[in-house]
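Please keep the structure open while you go through them.

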Amino acid sequence: MTEDSSATATGRTTDPTTTDWSRAYARRVLFTDLLVLIWVVFGVQIAWLGFDSDLASNENDLRLSYTGISIIVILIWLGSLAVYGTRGARVLGVGSTEYRLVADSSVRVFGVLAIAAFLLHLELARGYVLIAFPVGILVLMLSRWMWRQWLVAQRRSGRYSAKVLLVGSTSSVLHIAGELARTPEAGYRVLGAAVSNGHVGTLPGSTIRSYGGFDDLHAALAHSGADTVVITSADDLSPDRVRELSWSLEPGRQHLVVAPSLTDIGGPRIHTRPVQGLPLIHVETPTYEGRKLYTKRAFDLASSTLLIVLLSPVFLVLAVAVKVSSPGRVLFLQERVGLNGEPFRMVKFRSMVVDAETRVQELSALDRAEGNDVLFKMKDDPRVTPVGRVMRRFSMDELPQLFNVVTGNMSLVGPRPPLQREVERYDARVHRRFLVKPGVTGLWQVSGRSDLDWEDSVRLDLYYVENWSLVADLIILWRTARAVISSSGAY
């Protein structure tokens, strides 16, 4: 974390406030939403009916122009997107809430149109309705996704983000700062801190500047130019003190955020319920049985079977390439640890020489080893064959694991399947990864692959175990395809 690079000599920043940039961004999104709806609604009308088609009422022969109806639909649709807060600063740029709100508000417009047509006995062309709304939702989603890519790029450069002052104990401030640094696309840029011990200067082990204690909060806000106060721990702040702090912030320009002592919890598991003015955060415990599990298994079985059929020519080409390029078997079978800690035999295309397993200890001792305390990883592993190096770069050696998915030992998405020698060195907390089946791919695959250190690998695997869902699996599979094409971090 670094301080605001645009700070002036007095310490004040000249960047726009969160409110300023969020309003400007929302206006841009509104403009593209309008263009999308005009293009989709009028495009469907012209393609299906023609520009000047009329609409006849059954009872009184009232004739209405489809052009007028299209204009009304566009205006109602835009209004619904605004009413449901799809362009709010809280939902833009991160998470699935924005997409869900766009879909929900659009479906409600469809419902309003259907009710109005029923009450007025209007003969609406079915194709006009059944094509315009699904296509409109899809194109709106695509437009929002494109805007999100631009916003993420801006936020990674330090722009279009809330300017944050962290308040709490030194340890909690450093912890939350680290978590925010992992995801700059979330839009929180730390400019400074106020800590319980009143420390002034750079906090130990970081680049975060502390402006003093809790009594110096307003001076810290003024000097840092922050527009968002994030309370990282409330142990040293009484409820009255927090309430007074919220009252003292400038309405509409400065914001208060309270960060609970919970991390790596997926959004769908979190529900806020106010009770007598006390905001209670309900965190659902993860489940590993029931309908969700059966749905995941059905998806795995159908998808892996289809992929095996479609990729059978690729299997044949790779098998021949492995066989003719080096002596030894085409397939490599290795014992891994799976669901509930039970061992299974994982199958891959052989990408190494036949005595690769016997040379692990020898290579682990070399300074060239790129691994860590638990995992053995080497960028220029001498055991890898030339054909194997190409297969590993694009993860083609892992394709036979689809057969492990069919037999039920693995899932398409899940934690990395570990070796027994790795499991023997696990901390107790890491054993939670065995609550679900290991995956052909996972968060570790789409977040750095072999470049990840041990702590990041564990964090990602445990995050998946705690928050898995079929929608998350689909997103990971999509990101896997992109990661494989880029071949970043694969060796």
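1. The side chains of aspartate 397 and lysine 348 meet in a salt bridge, 3.5 Å from N to O; the term stands for a side-chain nitrogen of Lys or Arg within 4 Å of a carboxyl oxygen of Asp or Glu. The two partners come from distant parts of the chain, 49 residues apart: aspartate 397 sits in the loop between α11 (386–393) and α12 (401–407), and lysine 348 in strand β12 (residues 343–349). Helices (H or I, at least four residues) and strands (E, at least two) are DSSP runs, numbered from the N terminus. Aspartate 397 is buried, at 3% relative accessible area, and lysine 348 counts as buried at 13%. Here buried means under 20% relative accessible area, exposed over 50%, and partly exposed in between (1.4 Å probe, protein chains only).

2. A word on the basis: this is a predicted model, where local features need pLDDT of at least 70 and side-chain atom pairs count only at pLDDT 80 or more, while totals for chains, interfaces and linings use all residues. Residues are numbered from 1 along each chain as its sequence is written, and side-chain values use heavy atoms, leaving out hydrogens and water.

3. The whole structure holds 13 salt bridges. In another of these pairs, arginine 433 and aspartate 461 have their closest N and O atoms 2.2 Å apart. Arginine 433 lies in the loop between α13 (420–423) and β14 (439–441) and aspartate 461 in helix α15 (residues 454–467), so the pair ties together parts 28 residues apart in sequence. Both arginine 433 and aspartate 461 are buried.

4. Just after α3, histidine 121 takes a positive phi of about 55°.

5. Tyrosine 25, in helix α1, is buried with a relative accessible area of 1%. Not counting residues up to four places away in sequence, tyrosine 25 touches Leu92, Trp147, Arg148, Trp150, Leu151 and Tyr160, where contact means heavy atoms within 4.5 Å. Tyrosine 25 and tyrosine 160 are 135 residues apart in sequence, yet 8.8 Å apart from C-alpha to C-alpha.

6. Finally, the chain overall. It has 16 helices and 14 strands, and 43% of its 491 residues count as buried. Among contacts between residues at least 6 apart in sequence, 70% join residues at least 24 apart.
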